[in-house]
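User: Hi! I would like to learn how to read a protein model, feature by feature. Could you walk me through this one?

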Amino acid sequence: STQGYDVDWVLTRSELQKKLDAAFYDLILLDARLPDPIGIKFVKQVIASAGAARIILMAEELSKEFLISAIHEGAAGVIEKKSSLAVFCNVFAVVTAGGEYVPAQIAMERKDDIVDAELKITKEERAVLLRASDGYSDKEISLDTNFQLSRVKYLFMMLRQKLDARNRAQ
């Protein structure tokens, strides 16, 4: 027990799944490199398996798209590994009280999502469009951006509408 908290540690995805299947947790601190890098699909699986537990994603250097996607999928917070102990304590307090914590640079990006005012193209759509213009397949775009494949397809559908394009190539 650590300062009134019971703590479990796991080092692999399978150990985490076993713990989530066997017990209920109030809070899960999920390292984005557990011990290998994780994708948004895994974050979504943890959120689905965690019941009422709040999820804080701990990251060092991940793409903003990944972190925004994690929050969108239901993570309650994101914290940088290099943060001070005081910041960790504050984030835990906010999240355990039912709030959401997102670092300022990511929160600003979420509010300023539009990159083309005339066409109303979002940063996510732009990321997909740029990779498609480099010849990436939907699956490659999904892996590169950490967006789910269904999200990539949805973004292409939105882009075709906004750009009045008949197909992906156009």
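Predicted model: local features only at pLDDT ≥ 70, side-chain atom pairs only at ≥ 80, totals over all residues.

User: How many bridges join β4 to β5, and which residue is the bridge partner of Ala59?

Analyst: Four bridges join these parallel strands. Ala59 has Glu80, in β5, as its bridge partner.

User: On to charges. What should I look for, and how many salt bridges does the structure hold?

Analyst: In general, side chains of opposite charge can pair when their charged atoms come close. This structure holds six salt bridges. One of them joins Lys81 to Asp31, with the closest N and O atoms 2.9 Å apart. Lys81 sits in the loop between β5 and α4, while Asp31 is in strand β1, so this pair links parts of the chain that are 50 residues apart. Lys81 is partly exposed, at 29% relative accessible area.

User: Where else do helices come into it? Which helices hold Arg151 and Glu124?

Analyst: The side chains of Arg151 and Glu124 form a salt bridge, at 2.2 Å from N to O. Arg151 is in helix α8 and Glu124 is in helix α6 (residues 123–133), so the pair ties together parts that are 27 residues apart in sequence. Arg151 is partly exposed, with 27% relative accessibility, whereas Glu124 is buried at 14%. Another salt bridge is formed by the side chains of Arg131 and Asp144, at 2.4 Å from N to O. That pair links helix α6, which holds Arg131, to helix α7, which holds Asp144, across 13 residues of sequence. Asp144 is partly exposed, with a relative accessible area of 38%.

User: How do I judge burial for a single residue? Is Ser142 buried or exposed?

Analyst: Compare its relative accessible area with the cut-offs: under 20% is buried and over 50% is exposed. Ser142 has 13%, so it counts as buried. Ser142 is part of helix α7 (residues 138–145). Beyond its neighbours within four places in sequence, Ser142 contacts Phe147, Gln148, Leu149 and Val152.

User: And Ala52, buried or exposed?

Analyst: Ala52 is exposed, because its relative accessibility is 77%. Ala52 lies in the loop between α2 (40–49) and β4 (54–59). The C-alpha atom of Ala52 is 8.7 Å from that of Leu27, although the two residues are 25 apart along the chain.

User: Which residues does Arg168 touch?

Analyst: Leaving out residues up to four places away in sequence, Arg168 touches Ala132, Tyr136, Ser137, Asp138, Ile141, Phe156 and Arg160. Arg168 is in the segment after α8 (149–163) and is partly exposed, at 36% relative accessible area. The C-alpha atoms of Arg168 and Met157, 11 residues apart along the chain, are 8.7 Å from each other.

User: One last thing: which residues form a nonpolar patch on the surface?

Analyst: Tyr5, Val7 and Trp9 do, with about 420 Å² of accessible area together. Val7 lies in the segment before α1 (13–22). With a relative accessible area of 41%, Val7 is partly exposed.

Conventions. Residues numbered from 1 in each chain as written. Heavy atoms only, no water. Patch = residues over 30% accessible without salt bridge, like charges linked within 9 Å, V, L, I, M, F, W, Y side chains within 5 Å. Areas by Shrake-Rupley, 256 points an atom, 1.4 Å probe, with all protein chains shown as cover. Salt bridge = Lys/Arg side-chain N within 4 Å of Asp/Glu carboxyl O. Helix = DSSP H or I, 4+ residues; strand = E, 2+ residues; numbered from the N terminus. Buried < 20%, exposed > 50% of the residue type's maximum accessible area, 1.4 Å probe, protein only. Contact = heavy atoms within 4.5 Å. Pairing = 2+ DSSP bridges.
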